[in-house]
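Q: I would like a close look at a single part of this model. Please keep to what can be read from the atoms.

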Amino acid sequence: MYEIWLALNILWEISLGYWPLLIGIFGVWVLLMGVALRNGRTKWSAGALPAIVTGIFFGLIAFVAFPTMTASSLSAPGYWVDWAALSGIALAYGTICFLIALPLWAMFKGGRA
Amino acid sequence: MKNWDECNEKPASALRPDSARRAWIKALGAIPLSVGLGGIHPPVSGALKTNAHVVIAGSGLGGIAVANRLSRMLDGVQITIIDAKEEHNYQPGYTLVATGVWPVSKVRERNIDFQPANIRWIRDMVAGFEPESNTVVTARGERVRYDFLVVATGVHLDFALIEGMDVAAIGQNGLASVYPSPQAATATWAAMQAFVKSGGNALMTLPATPLKCAGAPLKMTFMLRDRLRQAGALAKANIRFESATSNVFGVKAVNDNVLERWGRLGIGVDYQRSLKAVDIGARKATFQLAGGQSIVLPYDFLHVVPPMRAPDAIRSSALAWQSGPFAAGGWLEVDKSTLQHRRYPNVFGIGDINGTPRGKTAATVKKSAPLVAHNLVEVIKGRQANELFDGYTSCPLITREGSAMLIEFDYEGRLTPSLPGIEPLQDSYFAWLMKYSMLKPAYLSVLRGRA
């Protein structure tokens with residue numbers, strides 16, 4: 001329980017250093033979602049698959065690039081805990097990219113219908 | 001390898017020109033995390049009404065963490081912090097600065113940004129403790145009476161025991177030391193870079209006294225070797241570790257693991273060699289051997305780890321251990337389980353000053369700050385200190401840039417990983433990531449009294 005609380009605190013403290021960026025990303029997402037929801041031709045189901053592919057693509061980039069971004073390398077992970085941590089980080093990045101890509105793809109697919 | 005340009009000493013007030021951004025971050029940081037996360041509350045007891053006066057000697061991690069906790073746990077408490085230091089240094093980051101991984105700005109903060117509101121801050125050093133009269137005396141002669149005292153002074157780096165040593169000369173003529181300050185860490189990186197270019201003999205020292213962050217001398221050795229490898233300069237350099245004891249680390253499993261690695265990496269180790277003198281200009285170090293004779297070794301790079309002891313104010317007071325293994329260093333005489341003073345029950349100790357078997361690390365404070373605050377509140381209530389500390393300490397032991405071992409252990413020297421699946425002696429990217437990205441945020445949350 002303490003470790004979970006500590007992890008939440010770590011995320012909080014990290015986010016304090018990136019607050020404007022996080023607000024900006026959230027604001028962009030809200031704006032895109034608002035535009036997409038108001039657009040009568042938005043096709044959410046058609047946009048889901050390409051959005052997932054987009055998320056996976058950027059998640060894979062994060063998986064490969066994150067060690068280098070943290071003064072390490074892809075040869076550093078030594079056992080399953082390392083790979084699980086790196087996978088979790090990649091999943092987080094991929095999820096954010098999916099969420100931003102979804103309204104864009106949904107509007108794009110609707111526009112081509 | 002990176003070259004960081006932030007080598008100029010700046011006052012803490014000049015560190016962050018973007019005062020609006022810092023004010024924004026400070027305001028957000030003061031918001032209880034429970035608000036931001038919709039109701040997840042830290043495990044602290046309810047506020048007790050009291051008009052007790054608590055004096056906290058020292059404003060490092062331990063002092064400020066306990067101050068923040070007590071300010072929430074005690075309604076009406078008067079808290080006085082005594083420390084002349086305006087700057088707050090993230091000391092666990094010094095090894096990253098000294099080996100070129102971090103810029104120095106990441107280890108420099110300001111105490112005022114983390115202290116609780118409505119406390120009295122005496123900007124002076126403690127010169128003496130008079131526990132018989134519940135009084136602390138400052139360097140300027142102010143006498144401060146207390147009801148309860150938390151000693152959080154940290155250690156004294158006894159460079160004076162090394163004849164010829166000059167902290168101001170760190171960074172020149174191959175002289176290095178990660179411990180004294182952010183500036184020394186930056187200068188150590190400069191010395192390391194010069195050595196990697198020129199090659200030669202590197203001597204890494206370890207004293208016989210207890211020391212804060214016992215892993216730091218090992219991390220510096222591993223990273224020096226890695227910087228040489230990265231530069232393709234291994235063939236022109238020789239690294240030897242000169243230990244004043246019969247080992248290089250106090251936990252046997254870790255000690256043996258490190259020695260096995262160093263054997264493979266070509267790092268030699270000598271034992272029972274205590275650094276006694278240094279001729280900085282001539283680059284010669286004098287070591288005293290077990291039999292009392294001396295040996296003079298030339299060096300091109302010398303990493304000095306100074307002997308450490310309690311500050312004079314504790315060592316010369318009645319608060320220090322009077323006998324036993326911790327008496328020589330003048331360490332604070334606390335019960336190792338409750339961290340309450342063994343003879344003055346209204347006194348507690350936190351952090352490096354404690355005369356306990358192990359644990360002079362930030363991780364020790366992380367685990368013990370809630371306990372000290374809780375036990376102090378229990379004593380204020382008229383009860384016994386009832387939470388017990390197991391001596392937890394932790395060290396992300398860097399083995400090369402980008403990889404580390406996550407070592408956690410207790411008073412008995414047993415490896416005690418916190419998370420399931422963690423293998424303490426395994427080279428790990430996750431352990432490195434913790435050191436590089438997560439431990440400072442964890443430290444800040446401990447500092448704010450949240451974790």
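How many residues of chain A are in contact with chain B, and how many residues of chain B do they touch? Please describe that interface in detail.

A: The model is a predicted one. In it, 32 residues of chain A are in contact with 41 residues of chain B. About 3,000 Å² is buried between chain A and chain B, and carbon and sulfur atoms give 69% of that area. Three residues, W5(A), W12(A) and Y79(A), supply 23% of the area that chain A buries against chain B, more than any other three residues. The size of an interface is often given in this way, as the accessible area lost when the parts come together.

Next, the polar side of the interface. Between chain A and chain B the count is ten residue pairs in polar contact, with both residues at pLDDT 80 or more. Four helices of chain A, namely α1 (2-17), α2 (19-38), α3 (44-69) and α4 (80-111), each supply at least two residues of the side that touches chain B. The largest share, twelve residues, comes from α1(A). By residue type, the side of chain A that touches chain B divides into 23 nonpolar, six polar and three charged residues.

The rule finds two salt bridges across the interface of chain A and chain B. In one, the side chain of E13(A) meets that of R448(B) at 2.8 Å, N to O. E13(A) also meets R450(B) in a salt bridge, at 3.4 Å, N to O. Because E13(A) lies in helix α1 of chain A and R450(B) in the segment after α10 (429-447) of chain B, this pair joins two chains. Over all chains, a search of the whole structure finds 26 salt bridges.

For context on the partner, chain B holds an open sheet of five strands in the order β7-β4-β2-β11-β22, with parallel pairing. β7 (120-122) and β22 (347-349) of chain B stand at the edges with a single partner strand each, so one side of each has no neighbour in the sheet. From one strand to the next the twist averages 20°. Within this sheet, β2 (residues 53-57) and β4 (residues 78-82) of chain B pair in the parallel sense over five bridges. V54(B) stands opposite I79(B) in β4(B). Helix α9 (residues 362-380) of chain B lies across β2, β11 (148-151) and β22 of chain B, and runs at about 175° to β22(B).

Methods:
Residues numbered from 1 in each chain as written. Chains lettered and ligands numbered in written order. Predicted model: local features only at pLDDT ≥ 70, side-chain atom pairs only at ≥ 80, totals over all residues. Heavy atoms only, no water. Contact = heavy atoms within 4.5 Å. Buried area = accessible area lost by both parts, 1.4 Å probe. Salt bridge = Lys/Arg side-chain N within 4 Å of Asp/Glu carboxyl O. Polar contact = N/O pair within 3.5 Å; in protein donor to acceptor, adjacent residues only side chain to side chain. Nonpolar A, V, L, I, M, F, W, Y, C, P; charged D, E, K, R; others polar. Pairing = 2+ DSSP bridges. Axes fitted to C-alpha atoms, helices over the stretch in contact; angles between N-to-C directions.
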